[in-house]
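Here is a friendly note to read alongside the model, point by point. Keep the 3D view open and follow along as each part comes up.

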Amino acid sequence: MQVMTLIPALKKIARATGAVIYDIYQSGEFEQEIKQDHTPVTSADIAAHEYLSAQLALLTPDIPILSEEDCDIAVAERQSWETYWLLDPLDGTQEFISRSGDFATIIALVHKNKPILGMIYGPKDDVLYWAVDGEGAYKETAVGEEQIFSHTCPQPLTSLNVVVSRVQNPDNIRHLVADDIDLELQSLGSASLKGCLVAEGKADCYIRFGITGEWDTAGTQCIVAEAGGAILDLNLAPLSYNQRDSLKNPDFIVLGDRNLSWSEILTG
């Protein structure tokens, strides 16, 4: 498969999915309920899932689809997939509900348990990030497209600019990072958009505590890796994809500078 040839069509699909979400967002009329994992889901999540899944099935009918909104698939079946789409149609459902606008659509293509394509679209700011394995990472806005690179930190390291969730307790970050490093915290909603801030060098890292799914990180992982960074668990081990019964991620860090001594920075 020539993955790069999919990019033009995927850009259109990502933007159209974002438009489905944003139309509902602007109307203010949506239904909401709580899923079994105690996280919210709205009619916008479902509409985005249905549209995105249908469009990808038309684009690549032979590639199976795993979406946050349709993930009850036995591991034995999933592990027979060499290549599959991994989707979070609406990343940042709570931000959608609270009307912050910080939500996005995540599309990832996973091949042999590795994300090889990532695309993230934030409709509020009409910003699109994408990457293909070995081809670099890019950001596209109304003014054009540019390649992006993560930030290289000066050494010795004295401070870290950390992007965090709006509901994150800063004490958890402080306890994790070595005491002699000053922290500059900036808050944002969507997990994928926070990761993209690291990818484009606007934050040194993003530390995430709490439940996320593989669909939350796969697209971001490809983008961050192609920009020069990495996503690792807090023991600095790689995240896994489609290799376990559970699709839940451990706590993780999105880091921009792979050359830092992160084992010395994360002492908590």
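**Notes on the sheets, pockets and cavity**

1. Let us start inside. The lining of the largest cavity divides into 5 nonpolar, 4 polar and 1 charged residues. Here Ala, Val, Leu, Ile, Met, Phe, Trp, Tyr, Cys and Pro count as nonpolar, Asp, Glu, Lys and Arg as charged, and the others, Gly among them, as polar. A cavity is a set of points, on a 1 Å grid over the protein atoms alone, where a 1.4 Å probe fits but cannot get out; a pocket is an open set with protein on both sides within 12 Å along at least five of seven lines, and lining residues have an atom within 4 Å of a point.

2. A word on the model itself: it is predicted, with local features needing pLDDT of at least 70 and side-chain atom pairs counting only at pLDDT 80 or more, while totals for chains, interfaces and linings use all residues. Residues are numbered from 1 along each chain as its sequence is written, and side-chain values use heavy atoms, leaving out hydrogens and water.

3. How many cavities of 30 Å³ or more does the structure hold? There is 1, and the volume of the largest cavity is about 40 Å³. A volume is the space filled by probe spheres set on the grid points, which are joined across faces, edges and corners. The lining consists of A191, S192, G195, Y206, D216, T217, T220, I231, F252 and V254. Two or more of these residues come from each of α6, α7 and β14. Helices (H or I, at least four residues) and strands (E, at least two) are DSSP runs, numbered from the N terminus.

4. Those elements belong with an open sheet of 5 strands, in the order β11-β10-β12-β14-β13 and with mixed pairing. Strands pair if DSSP finds at least two bridges between them. At the edges are β11 (182-188) and β13 (230-233), each pairing on one side only. On average, neighbouring strands of this sheet are turned by 25° against each other, direction ignored. Axes are lines fitted to C-alpha atoms, for helices over the stretch in contact, and angles run from 0 to 180 degrees between N-to-C directions.

5. Look next at β10 (residues 159-165) and β12 (residues 205-208): they run parallel and are joined by 2 bridges. V163 stands opposite Y206 in β12, and Y206 also lines the largest cavity.

6. Which helices lie across this sheet? Helix α6 (residues 191-199) lies across β10, β11, β12 and β14 (252-255), at about 150° to β12. Helix α7 (residues 214-227) lies across β13 and β14, at about 130° to β13. Contact means heavy atoms within 4.5 Å.

7. Now for the other sheet. This open sheet has 7 strands in the order β3-β4-β5-β6-β7-β8-β9, with mixed pairing. β3 (65-67) and β9 stand at its edges with a single partner strand each, so one side of each is left without a neighbour in the sheet. The twist from one strand to the next averages 20°. β4 and β5 pair in the antiparallel sense over 7 bridges, and W85 has L109 in β5 as its bridge partner. Helix α2 (residues 43-59) packs on the sheet and touches β3, β4 and β5, its direction making about 150° with that of β4.

8. A hairpin joins β8 to β9 through 2 residues, and Y138 stands opposite Q147 in β9.

9. The largest pocket has a volume of about 990 Å³. Of its 36 lining residues, T39, E68, R208, I211 and D216 are the closest to its centre. By class, this lining has 10 nonpolar, 13 polar and 13 charged residues, and α4 gives the largest share, 4 residues. The second largest pocket holds about 220 Å³ of space and is lined by 16 residues, with D125, V127, Y129, L188 and L193 nearest its centre. β11 gives the most to this second lining, with 3 residues.
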